[in-house]
Amino acid sequence: MKRIGLIAAIAALVLSACATPVRVIVAAGTTLVDSDILDGLVALYETDHPDVDLSVVGESTAQVLELGRRGGADLLITHAPDLEADFVAEGLAASYEPVLASRFVLAGPAGTGPGIPSTVVDALREIARRGDLFVSRSDGSGTHRKELELWSLAGVDPAGLPWYLETGQGMGLTLQVADQRQAFVLSELGAFLAAAPFLSLEIVPLRDDPVLVNPYQIIVVKGSPAESGAAAFAAWLRSAGGRAAIISANRDLFGEVVYQPAGS
Amino acid sequence: MSFIGDVLREAVQLLSQFGAELRGVLWLTLVVSLLATAIGVALGVPLGTALGLGRFRGRTPLLVAVNTGMGMPPVLAGLVILLLLWRDGPLGSWGILFTPQAMVLAQSLLAIPIAAGVTAGAVGGLSPVAREQLSALGLGKTATGWIAVREAWPGVAAAVAAAFGRVVSEVGAVLVVGGNIEGETRVLTTAIVQETRQAQFGAALALGILLMVLALLINGALTWLQLRERTS
């Protein structure tokens, strides 16, 4: 009997510890997790809101949206507008708003800069013509969708070609493979900068092009268990205070603003 | 219920198609796992036999190290091999990171302590009478070891099976040093991770079923060898 009492006491303790804060599951693209930008913002918000526990899951945009569909996440941060449009059209979003914007970069082995033409589409054509190694996420992520869009603009179908390596993994691991195999890779800028100290890859200088802008959108999942907690965090990210926090988190991590706040 | 039903149906349908891509993944899984098991057994069984029979200095710390190694997290083995093989690392000049060779290396690191630990247990468990007879033969160390392995055969076969089970089912090491590159380093476990992440649950389950069938066939063969020796 004594033992049962002890177990009950422990169970009550564990349950009460778990039950107090509202747990909000935030599913975000792996670029935002690999670059550490989201971690800092979440920590700051949790300090000011001890009643909220934000749990961040890093997945490809395709999987983030799938988590939203299956009730596995309360708040989604994604960067594939065409996939997001389907999600919104299915009536699953309580709100859908821009939150951040960064850029895509083409990175490659050091010293390959000259000889590469100046637009991203021309650069990809040149890589394909020379048969240089290229590593693709191939995971249904926002970065992968952008890469496919760029290949199609370049008029190249790389699928199955010997110089085209597909990892099916997140940004961090894909950058490692590109680095060690001396290959080109399309990366989101923040995730690239976070990994850069251990990489010999360099950003290929390209002409500024609107096609390389990388907007992130935030979706509060309608009817999710922590919908109001999710909406509050989303509103904060887009508020004046949230925007200032985003700028300062950028400076701490990169010394420059990589992720522009998009709130109003 | 309908969700799981849908996933199962899709998995069965994918298995019935069994294309060239799936064959490649299955083949690489088999080659990498068997090579790593072979290396693990070739180094681990002699080590385990020495540990099981011997009364030499440093035996106890070595036994502790082996037993700890049996529980080494695969992802840690992967990290160690990654650091060694990184282009700026000590073995960077080999240029084999993110290739099947790196995967075999990382998995061997996992297989050796398992093969050694289980063998040490089996050989150490031989009856005192058998041990006395063995030393009375007055043979050299290698010959004594061979006889001990044959005497303890069912246990040593279990060591082989345990080493194979360890490497064929782990994902942490092969993902870290292999990179899951399609057609080059993608094996069943890393493909399962990828399909699951992309919400292709049917495909993920199909790969999982294939992995279990593979493990069943290999373990069936090992069990047959284990029992055959015992009755002969």
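Colleague: Let's start with A:Asp36. How many C-beta neighbours does A:Asp36 have inside 10 Å?

Modeller: A residue is buried with 20 or more other C-beta atoms within 10 Å of its own, exposed with 12 or fewer, and partly exposed in between, the C-beta atoms being placed from the backbone. A:Asp36 counts as partly exposed, because its number of C-beta neighbours inside 10 Å is 17.

Colleague: And what should I know about the model and its numbering?

Modeller: This is a predicted model, in which local features need pLDDT of at least 70 and side-chain atom pairs count only at pLDDT 80 or more, while totals for chains, interfaces and linings use all residues. Residues are numbered from 1 along each chain as its sequence is written, chains are lettered from A, and ligands are numbered from 1, both in the order in which they are written.

Colleague: Back to that residue: what is phi of A:Asp36?

Modeller: A:Asp36 sits in the loop between α2 (30–34) and α3 (37–48) of chain A. Helices (H or I, at least four residues) and strands (E, at least two) are DSSP runs, numbered from the N terminus. Most residues other than glycine have a negative phi. A:Asp36 isn't a glycine, yet its phi is positive, near 75°.

Colleague: In which loop is A:Gln182 found?

Modeller: A:Gln182 also has a positive phi, about 55°, without being a glycine. A:Gln182 counts as partly exposed, because it has 16 C-beta neighbours inside 10 Å. Its place is the loop between α8 and β7 (184–188) of chain A.

Colleague: Is A:Met171 buried or exposed?

Modeller: A:Met171 belongs to helix α8 of chain A. Its contacts (C-beta atoms, placed from the backbone, within 7 Å) include A:Thr30, A:Arg137 and A:Glu188, leaving aside neighbours within four places in sequence. There are 31 other C-beta atoms within 10 Å, so A:Met171 is buried.

Colleague: How do α6(A) and α7(A) lie relative to each other?

Modeller: Helix α6 (residues 120–130) and helix α7 (residues 142–154) of chain A pack at about 80°, with their axes 9 Å apart. Axes are lines fitted to C-alpha atoms, for helices over the stretch in contact, and angles run from 0 to 180 degrees between N-to-C directions. Under 35 degrees is roughly parallel, over 145 roughly antiparallel, 65 to 115 roughly perpendicular, and the rest oblique. That makes the pair roughly perpendicular.

Colleague: Which residues of α4(B) make the contact with α5(B)?

Modeller: The axes of helix α4 (residues 74–85) and helix α5 (residues 100–124) of chain B come within 9 Å and cross at roughly 130°, and the two helices are therefore oblique. From α5(B), the contact uses B:Ala102, B:Leu105, B:Ala106, B:Leu109 and B:Leu110. From α4(B), the residues are B:Pro74, B:Ala77, B:Gly78, B:Ile81 and B:Leu85.

Colleague: How many residues of chain B are in contact with chain A?

Modeller: On the chain A side, α4 (61–69), β6 (164–166) and α8 (171–180) are the elements that give two or more residues. Chain A has 17 residues in the contact. For chain B, the number is 11.

Terms used
Two residues are in contact if their C-beta atoms, placed from the backbone, lie within 7 Å.
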